[in-house]
Amino acid sequence: MYQSHRSLLGEDMWAALLRLVPERQRETRSVLLRQDDPATHVLVLCSGSAAVTRRDGHGQRTLLAVRGAGELLGELSLLDGGVRSATVIAAEPCRVHTVPAPTFETFINEYGALPALARHAVGRIRESEEIRQELATASVAARLASALLRLAIASQGPADRPVVIRLTQEELAQLIGASRNSVVQALAPWRSAGWIRTAPGGGLLLECCEGLRAVVAKR
């Protein structure tokens, strides 16, 4: 997996970026960026995770990627001068910095970061294509297991504790292009095996990521 923006830029540059604007708290399911909106700003994701999705002409939403802390969101459309190509939704409570486009452009020019960001963008495009291929060919169970694992990795929680996924079964179904009933059916044997359970306050607790990895490997 390619490195995060924070690793790419380095701690000093990352800290300087955070100092540009105040931090804000965004709740689960908040729309952080909206498809087709103008690229007026970049989001710096300091904590939490977010799902990057795109709607087609029929209104079908497709998961493109999951992003975790240490990532920039929305910089691609800003760099190419276009509108937002995807919607980004908070998968859990997030802390973000909203950097206006002119401020971000001045920053990357000052630090000479544009070539590195362009290379990073290529890696993102490749990852999105891999996920699209997965959604087109894998079973519902494999797609769901893969999406849950991506969300778990992005949440960056303690390795020795269950991972909380706050999205509803309907939202998970939308992310993987499946019906809610098929998601419920896929989750049932995983509940019986003790891999997942209902989280207090709603959502899922992932107890055994190894089991989900085995499902993905069988696809």
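Tutor: Let's start inside: about 50 Å³ of space lies in the largest cavity. This is a predicted model, where local features need pLDDT of at least 70 and side-chain atom pairs count only at pLDDT 80 or more, while totals for chains, interfaces and linings use all residues. Residues are numbered from 1 along each chain as its sequence is written, and side-chain values use heavy atoms, with hydrogens and water left out.

Student: What makes that space a cavity?

Tutor: On a 1 Å grid over the protein atoms alone, a cavity is a set of points where a 1.4 Å probe fits but cannot get out. Points are joined across faces, edges and corners, and the volume is the space filled by probe spheres set on them. Searching the whole structure for cavities of 30 Å³ or more turns up one.

Student: Which residues line the largest cavity?

Tutor: S49, A91, E92, L151, S155, V164, I165, R166 and L167, since a lining residue has an atom within 4 Å of a point.

Student: Why are α7 and α8 called roughly perpendicular?

Tutor: Helix α7 (residues 169–176) and helix α8 (residues 180–193) pack at about 110°, with axes 9 Å apart. Axes are lines fitted to C-alpha atoms, for helices over the stretch in contact, and angles run from 0 to 180 degrees between N-to-C directions. Under 35 degrees is roughly parallel, over 145 roughly antiparallel, 65 to 115 roughly perpendicular, and the rest oblique. So α7 and α8 count as roughly perpendicular to each other.

Student: Which residues meet there?

Tutor: Q169, E170, A173 and I176 in α7 meet R180, V183, V184, L187 and R191 in α8; contact means heavy atoms within 4.5 Å. They divide into five nonpolar, one polar and three charged. Ala, Val, Leu, Ile, Met, Phe, Trp, Tyr, Cys and Pro count as nonpolar, Asp, Glu, Lys and Arg as charged, and the others, Gly among them, as polar.

Student: What makes β3 and β6 a pair?

Tutor: DSSP has to find at least two bridges between two strands. Three bridges join β3 (residues 41–47) to β6, running antiparallel, so the pair qualifies. V44 stands opposite L72 in β6.

Student: What order do the strands of that open sheet follow?

Tutor: The four strands go β1-β8-β3-β6, with antiparallel pairing. The edge strands, β1 (23–26) and β6 (71–73), each pair on one side only.

Key. Helices (H or I, at least four residues) and strands (E, at least two) are DSSP runs, numbered from the N terminus. On a 1 Å grid over the protein atoms alone, a cavity is a set of points where a 1.4 Å probe fits but cannot get out, and a pocket is an open set with protein on both sides within 12 Å along at least five of seven lines; lining residues have an atom within 4 Å of a point.
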